Amino acid sequence: MLRLEGIGKRFGGLTALQGIEFSVTKGSITGIIGPNGAGKTTLFNIATGIYPPSEGKVLLEGTDISQFPPERRARLGLVRTFQNIELFGKMTVLENVMVGLHTQSSSGLFACSFRMPWQMSEERRIREKALEWLEFAGITELADVEAGTLSFGKGRLLEIARAMALEPKLLLMDEPAAGLNSRETAELAELIKRIRDRGVTVALVEHDMDLVMDICDALVVLNLGTMLAEGTPREIQENQAVITAYLGEE
Amino acid sequence: MKSDKLKFLIFCLVVLVLPLPLAKGYLTNVLIFVGINSMLALGLNLLLGYAGQISLGQAAFFGLGAYGSGVLTTKYALDPWLSMVLVALVVAGFAFAIGFPVLRLKGHYLAMATLGVGVIAHIAFNETIDLTGGPSGLSGIPNLSIAGFSFDSDLKNYYLVWSFALVVILLCLNLVNSRYGRGLRAIHDSEVAARVMGVNARLMKVQIFTLSAFISAIAGSLYCHVMTFISPTSFGFNISVELLTMVVIGGLGSVYGSILGALLLTLLPELLRTFQDYDIVVYGLLLVCMTIYLPGGMVRGIPALVRRLVPARSGNA
Amino acid sequence: MELLNQITQFVISGLATGAIYALIGLSFAIIFNSTGIINFAQGEFVMLGGVFTIFALNVLKLPILLAIVVAVVATTAVGLAFERLAIRPLKNATPLSLIIITIGASILIRGVVMLLWGKDTQVLPPFSGNTPLEIAGATLLPQHLWIFGVTVLVIVGCRIFFHHTISGKAMRACSFNRKAANLVGISVGRMVLLSFVISSALGSLAGVIIAPLTMTAYDVGVMLGLKGFCAAIMGGMGSGLGTVLGGLILGTLESLGAGLISSGYKDAIAFLILLLILFLRPQGLFKKGETERV
């Protein structure tokens, strides 16, 4: 599904990532873990086109998308959520999800200002679809609330609903459990499994090891900008290099 | 949806009957300019209030529209309607072309770049004396007419300008409550998130910049035919700031707010006529105070203020 | 030979106005670096410097040097009040509202000056006479020397302040990372205030020394401010040599363009340069591009 080949990134003189190479298998939940400063978020930013890699390639289903802007990647089915939740704060919850349906609709400047008949029916379809996604995430009752006033947990759910509205092939989640309490985390785990069951491949960066070990099929471990290990959760748990990186030398 | 339509119909009705009690009074004349300023403020509001992109060069597009129509009809005897369309298209094309480099900039840099465009246009109006008449202005611009019916009185021009303004208002209302409008507001709230959601932010910003230039150019053409005389002072930096003030005091991201802003700021100088030159001080105070105390503008701030005061009173009783 | 003399002349007067742009550019950069604000009212400080000096000289009958001091102090007071009344009340303001508020403040200041002193241009006599000096066939006014002298002093002063005093170093720390600066005990609020103080003092000083050459009026601040901003952009918004070079280059190009091509388009030249730099090298002429971290 997604393949990273020899990814490297430098900021000025600082090397943030080097020689990152792995694949995310279709239909899997892949976890990317590593200590703070390992370069996980940088890797996500490169995968989603927030900035280009200094070297290497990002391949989505065989297509080289390294130089594509984020909006084009989104159309190809590569969507992400953010660590600190990037909602459209002044819009309602429903409208946020309706923006997520942007790629599923097409009315342009002209059709919208003249209220063409096809635009009106498309608008109805968008609204219905958006309501369905709110139900999927279990936040239907919040539809008309301004998104900026949501709690962190609800905001996270909205962000996921909005991302799902794009009907992505691959969903990248940047620390989805950050800031959630244990009950919310358990609900999140269920939600992520339901997303996978809908045929969406998931890759996530996460610190919460219980969550990662519970839901992930494959893990990639980064440390100081390089690949440390790759394998199933069980293999990683027994990997000596990983244990050293996390716990330090004995 | 229903109430939006009703609101617009009521507004149309008000516009229709407003000049009747005023008869031939000079207030009708002022209301013409309220109409023109409404169009300009709306154009800026689409850009600033919805897409969150500032422009301090709106007067340039207004001026290009006015001078384009003025020059084509006086020097080349072109049909006014034809030249209005031509000029609006050319100005929109120009905005589209400069839109790509300009709107790559953000915040303060964007403000300075658009300001630069505005100042250069203003200098050009002053210096291309052969075409524009320079600082002494361009006169003898014909009134608009349809099949022999000439728009030569205040009342006629009032209906002419306001029919344009109402169309613009309706189109803007449609636009902001649509897929496209949501895309713009998403860009305003978080450009990165909007792009990750598949919103083509770069293109949409340029498109809306182009549309606002197009509306401003039409307003400029109308202005020159209503006035029959134009000079560069009507298209300087101060005008761009005045438009900004209208949008801010009316309410960023509110269509009717822009009209309210245009109304207030067009009437204000008339009311302050006895204290000439005070208006610039008042604009300054308004901009500073509104931004600090009523950042949502009048359309949102005043209802909120009333809500806050009314329960407080009932609470005491 | 005739042309060469002319060009020398244009370059000299260009460098003099360029030095002024450099000072104004520095005053922009100082506020920008400690607050992230481009102060659209910066040009008004420049105007106030000139207007206050003339007032102190003609009405208060002060000697010129004292008048200058009074004007700079008075402008600084305005800058201080501006920060307190308009900038500080806005917590977590968006760039948009900061732009709007500084524009509002600028037209407010301009309007008040117009009401108090009228719309007429006012003249400040040169500080030390008008007898021109001959250099390489071109004439140099004593005021030019004042401008160059003051500019050099200010640049040296800034250098010492920002690199060798506690307050200066603290301000630089704020510009690199406000949060971190706050954590090590620097009062960011006070640094912001200080930056407005220094910046308005610098701006007004620029306004004072240019006034004898160009005359002054309530509305001269707009253009001077914008050109100072242009200089700062050329220098990459740094408070160092880049901005000074930017100002000198801008002043010289403008003077040559006005002299050799057309004086009517003089102001347009500055803005064309501004647009070109914003489009092509927004990080400034002398800096290497760097990727921004999100």
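**Figure 1. Val152(C) in helix 5 of chain C.** In this predicted model, Val152(C) is placed in helix 5 (residues 142-164) of chain C; helices (H or I, at least four residues) and strands (E, at least two) are DSSP runs, numbered from the N terminus. Val152(C) counts as exposed because 12 other C-beta atoms lie within 10 Å. For this classification, a residue is buried if 20 or more other C-beta atoms lie within 10 Å of its own, exposed if 12 or fewer, and partly exposed in between, with C-beta atoms placed from the backbone. Leu23(C) is 129 residues from Val152(C) in sequence, while their C-alpha atoms are 9.8 Å apart in space. Residues are numbered from 1 along each chain as its sequence is written, and chains are lettered from A and ligands numbered from 1 in the order in which they are written. Since the model is predicted, local features need pLDDT of at least 70 and side-chain atom pairs count only at pLDDT 80 or more, whereas totals for chains, interfaces and linings use all residues.

Figure 2. Helix 8 (residues 188-214) of chain C has 27 residues and reaches 38 Å from its first C-alpha to its last. That value is close to the expected 39 Å, the expected span being 1.5 Å times one less than the number of residues. Of the 27 residues in helix 8 of chain C, 20 are buried. Ile198(C) belongs to helix 8 of chain C and counts as buried because it has 25 C-beta neighbours inside 10 Å. Cys158(C) and Ile198(C) are 40 residues apart in sequence and 9.7 Å apart in space, C-alpha to C-alpha.

**Figure 3. The kink at Val208(C) in helix 8 of chain C.** A kink of about 25° lies at Val208(C), shortly before the proline Pro212(C); the bend at a residue is the angle between axes fitted to the seven residues ending there and the seven starting there. Just after helix 8 of chain C, Met215(C) takes a positive phi of about 65°.

Figure 4. An unreviewed UniProt entry lists "transmembrane region" for several spans of chain C, including residues 94-117 and 183-211. UniProt positions are given in the numbering used here, feature names are shortened, and annotations may be inferred rather than shown by experiment. Residues 94-117 of chain C are 96% helix and 0% strand, with end C-alpha atoms 35 Å apart. For residues 183-211 of chain C, the end C-alpha atoms lie 43 Å apart, and the span is 86% helix and 0% strand.

**Figure 5. Helix 6 and annotated spans of chain B.** Helix 6 (residues 107-127) of chain B has 21 residues, which should span 30 Å at 1.5 Å a residue, and its end C-alpha atoms are 30 Å apart, so the two values agree. In helix 6 of chain B, 16 of the 21 residues are buried. The "transmembrane region" annotation in an unreviewed UniProt entry covers, among other spans, residues 84-102 and 208-231 of chain B. Residues 84-102 of chain B are 100% helix and 0% strand, with end C-alpha atoms 26 Å apart.

**Figure 6. The contact between chain A and chain B.** The contact takes 34 residues from chain A and 24 residues from chain B, where two residues are in contact if their C-beta atoms, placed from the backbone, lie within 7 Å. Among the elements of chain A that each supply at least two residues to this side are helix 2 (70-75) and strand 6 (78-81).
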